[in-house]
Amino acid sequence: MSGIYNDPIGHWVVVVVAITLLLFVVLTATAYTVWFERVALGHIQRRPGPNRVGPWGLMQLAADGIKLAFKESFVPAKTERTLFVIAPCIAVAAAFLAWAVIPIGLWYNVQYWIVDINIGVLLVFALSSLNVYAIVIGGWASNNKYSLLGGLRSAAQLISYEIALGLALVPTFMIVGSLRLRDIVDYTVTLGPYHGPIPLILLTPIGFVIYVIAAVAETNRAPFDLPEAEQELIGGFLTEYSGLKFVMYYLAEYVNMITVSALAALLFFGGWYLWFVPPVLAFLLKVVLFLFLYIWLRGTFPRLRYDMLMRLGWKVLLPLAIVNVIVTGTILVASQG
Amino acid sequence: MADDEKTTDARPEHPTPLRGPDEGVPVHPKGKVPSVGADIAALATGLKTTLGEFFSPQVTLEYPEDKSPRSERYRGRHYLRRYENGLERCIGCELCAAACPVGCILVIAAENTDENRVSPGERYAKTYEINMLRCIFCGYCEDACPVQAIVLGPEYELSDTSREKFIYTKEKLLEPLPPDVQARLQSKAKEAT
């Protein structure tokens with residue numbers, strides 16, 4: 001099986017098949033994430049959530065998708081037409097591209113990823129920050145004060161939290177010595193009788209806490225969902241969007257949510273390693289747990305005020321992340337010295 | 001009236017003295033020092049609460065399948081009753097139509113004869129129609145009836161596809177009573193005796 005990866009033509013066949021499969025899998029996963037979120041939020045509010053379409057409401061998203069796909073493709077007058085259409089495409093393209101470098105598992109020598117590049121994490125962050133462009137351009141092109149405000153908030157928020165997010169992961173890279181996601185997952189330690197991969201959260205707990213908070217902000221999820229803040233901004237940058245263009249933004253948001261959950265599983269919880277559980281299933285389980293955490297946070301906390309958001313980002317998370325980097329570096333040097 | 005208001009204007013004293021213009025808003029309750037630990041504990045309490053709700057039984061009643069129980073005295077659609085020997089109770093006295101505040105009941109009475117005996121009294125209702133679009137389900141007809149011929153049952157899902165179908169005719173009103181209405185009427189009769 002491993003021979004096919006080295007064959008020049010076989011390699012491309014594998015990549016194309018993998019891309020097709022991954023697109024399908026991520027799309028389906030997104031649909032069921034929305035279903036999972038609605039059901040979990042429902043249970044938090046002691047109601048069943050969608051349960052009418054198909055068994056346990058599992059076909060709800062198919063119904064919603066068909067309904068939205070058949071809506072009129074409407075562009076309001078006085079919008080910047082080209083940008084208005086391009087913006088959601090940027091969002092969805094950036095969201096899906098990130099999955100090119102996310103390794104899902106290694107099972108019976110079959111590689112469940114598309115490419116394994118040595119700057120994997122960096123690429124994921126580069127692509128996830130493209131999401132800002134989608135939101136800002138969409139908000140500006142809508143020619144609507146609520147959309148513009150949503151876009152501006154998003155720009156400020158994402159810039160503030162991206163720094164903390166990146167710095168929160170620096171200790172991990174310092175310990176592992178690589179940005180390749182596979183190397184981070186395969187990071188092994190020898191601790192007395194134990195020799196094997198460990199969940200890196202044991203070594204970088206503070207980094208994990210910063211990562212989780214910053215990732216919620218990065219994906220514009222409650223309680224950091226200021227860009228779309230329904231109550232104050234109608235729908236923020238989404239106000240003027242409907243039909244398939246709305247679906248694209250929506251899709252991008254949920255794909256990003258799965259991406260940051262997957263990254264959390266890979267960077268802090270040992271990826272596809274979990275006792276005897278088969279690799280891909282173990283990874284899936286961890287991602288689902290993280291998704292539940294996000295939904296749980298959304299069901300619990302009210303939205304932060306704008307100044308609180310900025311204070312948390314710049315005055316708490318960023319200094320904490322920097323201190324974390326310095327302390328980890330000191331310990332690393334001391335232990336090697 | 002205005003004078004009365006003036007005399008009753010004396011409000012009770014506020015239990016705690018109100019804040020003066022130069023006093024700031026107290027940030028934390030007295031005796032509580034703001035701390036990161038307390039804040040995180042507060043967040044954890046919130047998460048614990050929602051997780052508790054997550055595992056609690058749901059309160060949703062899934063309507064078309066499950067319905068909330070109706071009160072015994074619930075006033076839904078009308079029924080016309082019969083005696084046990086099959087004769088109609090209604091004697092065509094039109095008291096229900098007179099009692100109806102919206103005038104949705106139409107009764108046209110006719111004489112009973114020995115060949116055509118519909119009710120035990122002198123007269124019976126030849127036509128008995130209720131316009132359910134007008135009816136406000138007040139139950140005055142049931143109160144007014146001297147022979148307890150008309151009762152209001154528990155059904156409330158009365159939607160239909162045309163206006164004409166909302167004129168409930170005598171045939172429709174004479175449908176057999178649901179068992180719980182019968183039980184209610186029996187218990188009412190027992191109380192009366």
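**Close-up views of strands and helices in a predicted model**

**View 1. Strands β3 and β5 of chain B.** Strand β5 (residues 167-168) of chain B runs antiparallel to β3(B), and two bridges join them. In this predicted model, B:I130 has B:Y168 in β5(B) as its bridge partner.

**View 2. Strands β2 and β3 of chain B.** Strand β3 (residues 123-131) of chain B also pairs with strand β2 (residues 105-111) of chain B. The sense is antiparallel, and the pairing extends over seven bridges. B:A109 has its bridge partner, B:A125, in β3(B).

**View 3. Helices α4 and α10 of chain A.** Helix α4 (residues 81-97) and helix α10 (residues 243-268), both of chain A, have axes that come within 8 Å and cross at roughly 25°. Because of this angle, α4(A) is roughly parallel to α10(A). The crossing of α4(A) past α10(A) is left-handed. From α4(A), the residues that meet α10(A) include A:V85, A:P88, A:C89 and A:F96. On the α10(A) side, A:K245, A:M248, A:Y249 and A:T259 are among them. By class, the residues of the contact between α4(A) and α10(A) are 12 nonpolar, two polar and one charged.

**View 4. Helices α2 and α10 of chain A.** The axis of helix α2 (residues 8-44) of chain A comes within 9 Å of that of α10(A), and the two cross at roughly 95°. The angle therefore makes α2(A) roughly perpendicular to α10(A). A:V26, A:A29, A:T30, A:T33 and A:V34 of α2(A) make the contact with A:L251, A:Y254, A:V255, A:M257 and A:I258 of α10(A). The contact of α2(A) with α10(A) has eight nonpolar residues, two polar ones and no charged ones. A:L251 and A:V255 also take part in the contact of α10(A) with α4(A).

Definitions and conventions:
Residues numbered from 1 in each chain as written. Chains lettered and ligands numbered in written order. Predicted model: local features only at pLDDT ≥ 70, side-chain atom pairs only at ≥ 80, totals over all residues. Pairing = 2+ DSSP bridges. Helix = DSSP H or I, 4+ residues; strand = E, 2+ residues; numbered from the N terminus. Axes fitted to C-alpha atoms, helices over the stretch in contact; angles between N-to-C directions. Parallel < 35°, antiparallel > 145°, perpendicular 65-115°, else oblique. Left-handed = near helix turned anticlockwise from the far one by under 90°. Contact = placed C-beta atoms within 7 Å. Nonpolar A, V, L, I, M, F, W, Y, C, P; charged D, E, K, R; others polar.
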